[in-house]
Amino acid sequence: MSNDPAESPEARIARKLTERIRSEGVIPVSAFMAEALFDPVAGFYATKDPLGAGADFITAPEISQMFGEVIGLWAAQAWIDIGSPGHVQLIELGPGKGTLMHDILRTARVVPGFLNAVEVTLVEASPALKMVQGRVLADSPVQISWADRIEKAPDGPAILIANEFLDCLPVRQAIRSGGVWRERCVGLHPEDDTRFAFVPGPVLSELDIALIPHSLRGLPEGALAEMRPGDRQVVDALALRFARHKGRALFIDYGPAEAEPGDTLQAIRAHEKVDPLDRPGTADLTARVDFETLARTALELDLDVHGPQPQRDFLAALGIAQRTKMLAGKVPEKRDVLLRQLERLTGEDQMGVLFKAICLSSEGLPAPAGLSPFAEKS
Ligand code: SAH
């Protein structure tokens, strides 16, 4: 039955997960998520281009070129902040269709010397999206290479950008049950073994408990807390890198400014929320980013932290309203479209408040454009 050439991608993932659960027992939520997103043949990202108006979900750079334009100016300013080095790695994590990088490079031309110094590295796991990125960036004025993980990007001073990257890193979940923390796992449904179900798994070790956000460790019976080992790995890699060479990283994503309890795993298929365990591989799975733990981890590793700040405030400080006005002045028939795009990016009940920007930097650099120092809650 395995590797039947006629097997559909959807059936392949369900079969692989079922076989794994039958042989290993229940698996952590993160293992389910990793398989559903990145199975090389049938994973959600591995096979298709899920981004855009007609696809499963839409991101800020796909909503409006203005997003990439102001981020492009932010990146050029960050290059000046790190001392305008003659060679700089411009690294993007999870570049999607390459639209953000395309808009960044187009805009950053206005800053003399920046593009001459830049080499781009795209960190991308999906073969399908790498192809899209290659096409979109085919005419770019700078050298573009790919790496499959951040640790493999060439050494040297760096500016790093990541929009909606952290939210798709596999998340683990802990539940407080019987006075201990257990891993929340995925198993086969007790009444229908063609379906998956959440089940309590093994008791967490002290090492794992250290991944639970600090303020949530004392939660009562029944509570659920998320652990984000992927964020930790990214921050570790940046801390090593930025201690050797100056660098500055910007993350934009969705999630609360302060750690919150609860299950935030969500699945989106064709712009609709669906059950995360239903038909793995056919929906995008993400979980909210915990900006507080991200910031605290970075501070512990001697990085400087600015933000998190709502996307609305960050983009406003970078001049997105002026940019909208200018473009609308040039192309008046686009005015309404541009205003709608601005509203989607910055509106309070749109992406303006739930989405946040945070910047991690080598110690002692000037403050980044548009963000204030991380304010620790006492
Ligand atoms: N930044 C883009 C795309 C966001 S979707 C935008 O804003 O439109 C998430 C992106 O991260 C996709 O390109 C996905 O393939 C990539 N990705 C997710 N996990 C990854 C990982 N562990 N390593 C490399 N790329 C990853």
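**Loops, helices and ligand surroundings in a predicted model**

D302 sits in the loop that joins α11 to β14. The phi angle of D302 is near 65°, a positive value in a residue that is not glycine. Most residues other than glycine have a negative phi, and most peptide bonds are trans. The relative accessible area of D302 is 49%, so this residue counts as partly exposed, the limit for exposed being over 50%.

A positive phi is also found at A270, where the angle is near 50° in a residue other than glycine. A270 belongs to the loop between β11 (266-269) and β12 (272-274). With a relative accessibility of 46%, A270 counts as partly exposed. The backbone has a further feature to point out at the peptide bond from G307 to P308, which is cis, with omega near 0°.

Turning to the aromatic side chains, a search of the whole structure returns five aromatic pairs.

Elsewhere, ring pairs connect F38, F44 and Y45 into a cluster. A charged side chain also meets a ring in this model: R184 lies over the face of F198, at 3.7 Å from the ring centre.

The helix that carries F32 is worth a look as a whole. Eight of the ten residues of α2 are buried, so the helix is largely enclosed by the rest of the structure. Besides F32, the buried residues of α2 are V29, S30, A31, M33, E35, A36 and L37. Helix α6, residues 99-108, is mostly covered too, with eight of its ten residues buried. In α6 the buried positions are T99, L100, M101, D103, I104, L105, T107 and A108.

The ligand is surrounded by 18 residues, and the closest of these are T59, G94, G96, E124 and N163. By class, this shell consists of eleven nonpolar, five polar and two charged residues. A polar side-chain atom of T59 is 2.5 Å from a ligand oxygen atom. In the side chain of E124, an N or O atom is likewise placed 2.5 Å from an oxygen atom of the ligand. G96 takes part through its backbone, with an N or O atom 3.1 Å from a ligand oxygen atom. On its own the ligand has 570 Å² of accessible area, and the protein covers 92% of that.

R288 is located in the loop between β13 (284-286) and α11 (291-300). At 32% relative accessibility, R288 counts as partly exposed. Between R288 and F44 there are 244 residues of sequence separation, and their C-alpha atoms are 18 Å apart in space. F44 is one of the residues of the aromatic cluster described above.

I212 occupies the loop between α9 (206-209) and β9 (224-227). Although placed in a loop, I212 counts as buried because its relative accessibility is 1%. I212 and T293 are 81 residues apart in sequence, with 8.9 Å between their C-alpha atoms.

H189 belongs to strand β7, residues 180-189. The relative accessibility of H189 is 18%, so this residue counts as buried, given the limit of under 20%. Along the chain, H189 and T286 are 97 residues apart, and 22 Å separates their C-alpha atoms.

Conventions:
Residues numbered from 1 in each chain as written. Predicted model: local features only at pLDDT ≥ 70, side-chain atom pairs only at ≥ 80, totals over all residues. Heavy atoms only, no water. Phe/Tyr/Trp six-rings, centres within 6.5 Å; stacked < 30°, edge-to-face > 60°. Lys NZ or Arg CZ within 6 Å of the ring centre and 35° of its normal. Near = heavy atom within 4 Å. Polar contact = N/O pair within 3.5 Å; in protein donor to acceptor, adjacent residues only side chain to side chain. Areas by Shrake-Rupley, 256 points an atom, 1.4 Å probe, with all protein chains shown as cover. Nonpolar A, V, L, I, M, F, W, Y, C, P; charged D, E, K, R; others polar. Buried < 20%, exposed > 50% of the residue type's maximum accessible area, 1.4 Å probe, protein only. Helix = DSSP H or I, 4+ residues; strand = E, 2+ residues; numbered from the N terminus.
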